[in-house]
Amino acid sequence: MNIEILPDAGAAAARAAALVADTVRANPRAVLGLATGGTMLPVYAELVRRHQAGTLSLAGVTSFNLDEYVGLSADHPASYHRVMAEALVARTDLRPEAVHLPRGDAPEAEAEARAYEARIAAAGGIDLQLLGLGANGHIGFNEPGSPHGSRTRTVELDEATRTANRRFFAVGTDVPRQAITMGIGTILDARACLLVATGPAKAPAVAAMLEGRIGPRCPASALRTHPRVTVLLDRAAAAELSHPEAFETRIDDSAVA
Ligand code: GLP
């Protein structure tokens, strides 16, 4: 596991975008696993900046997002379909038809979950999976207690997750109680993973992920069993690590084009 602690959230986002860009430059037809959440928005903004500067094309990329809320249609303002459409598709050359998310309004959510898993396999699997981190240690919407071998499925959201994500929903609208998420096993099948966690609210989950027991209490701890994982933290998110100096990496900013 490669762990880098960067000065702040902006530096972590820039570094994440640089690593995504490296992947796409090495393989213009890469299959990217994408994530949503507030942490990812500056990462996508940085990818957009690179695209506008003419140094990054996503035209050959295929993407699969981690998750979607059950019950939300693609045009719902808080749906992850909308987030991706606005943050990346509208502002880069990523082809809309190459962008995949589970359909939240599918008539049979469980059948949609199985079909989504099959679509990932049919695309040849994921080359690089981007991940955020829930304050409760979730990855995707795999809440504590999720089996490490789990596949794409319908899950119940923890109250803590619904509360944390309320900020993305209009006042007066309810946060869904269920989501379709790639499973932890699905995520671990990616050839490489890149997790980004920033801000003090993530510090306990970061410590549990990196220094706690590997097990269902902290879903993200499963990443320690994967051979190719990079974790990007800012100082605030790293604050509860017992030995952060052991992880410190000096980044030469001039190398981040
Ligand atoms: C959300 C998403 C996760 C995301 C996490 C962190 O619930 N389903 O994929 O990584 O929570 O979100 P944020 O970056 O907004 O803190």
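**Pockets and a buried serine**

The largest pocket has a volume of about 470 Å³, where a pocket is an open set of points on a 1 Å grid over the protein atoms alone at which a 1.4 Å probe fits, with protein on both sides within 12 Å along at least five of seven lines. It is lined by 26 residues, of which Leu133, Gly134, His138, Asn165 and Lys202 are the closest to its centre; lining residues have an atom within 4 Å of a point. Helix H5 (residues 159–165) contributes the most to this lining, with four residues, and the lining as a whole comprises 11 nonpolar, 12 polar and three charged residues.

This is a predicted model, in which local features need pLDDT of at least 70 and side-chain atom pairs count only at pLDDT 80 or more, while totals for chains, interfaces and linings use all residues. Residues are numbered from 1 along each chain as its sequence is written, and side-chain values use heavy atoms, with hydrogens and water left out.

The second largest pocket has a volume of about 250 Å³, and among its 13 lining residues Thr23, Asp127, Leu128, Ala192 and Arg228 lie nearest its centre.

Serine 221 lies in the loop between helix H7 (203–211) and strand E10, and counts as buried (under 20% relative accessible area, with a 1.4 Å probe and protein chains only) because its relative accessibility is 0%. Its side chain reaches the backbone nitrogen of glycine 215 at 3.0 Å. Beyond neighbours within four places in sequence, serine 221 is in contact (heavy atoms within 4.5 Å) with His148, Ala208, Met209, Arg213, Ile214 and Gly215.

Methods
Points joined across faces, edges and corners; volume = space filled by probe spheres on them. Helix = DSSP H or I, 4+ residues; strand = E, 2+ residues; numbered from the N terminus. Nonpolar A, V, L, I, M, F, W, Y, C, P; charged D, E, K, R; others polar. Buried < 20%, exposed > 50% of the residue type's maximum accessible area, 1.4 Å probe, protein only. Polar contact = N/O pair within 3.5 Å; in protein donor to acceptor, adjacent residues only side chain to side chain.
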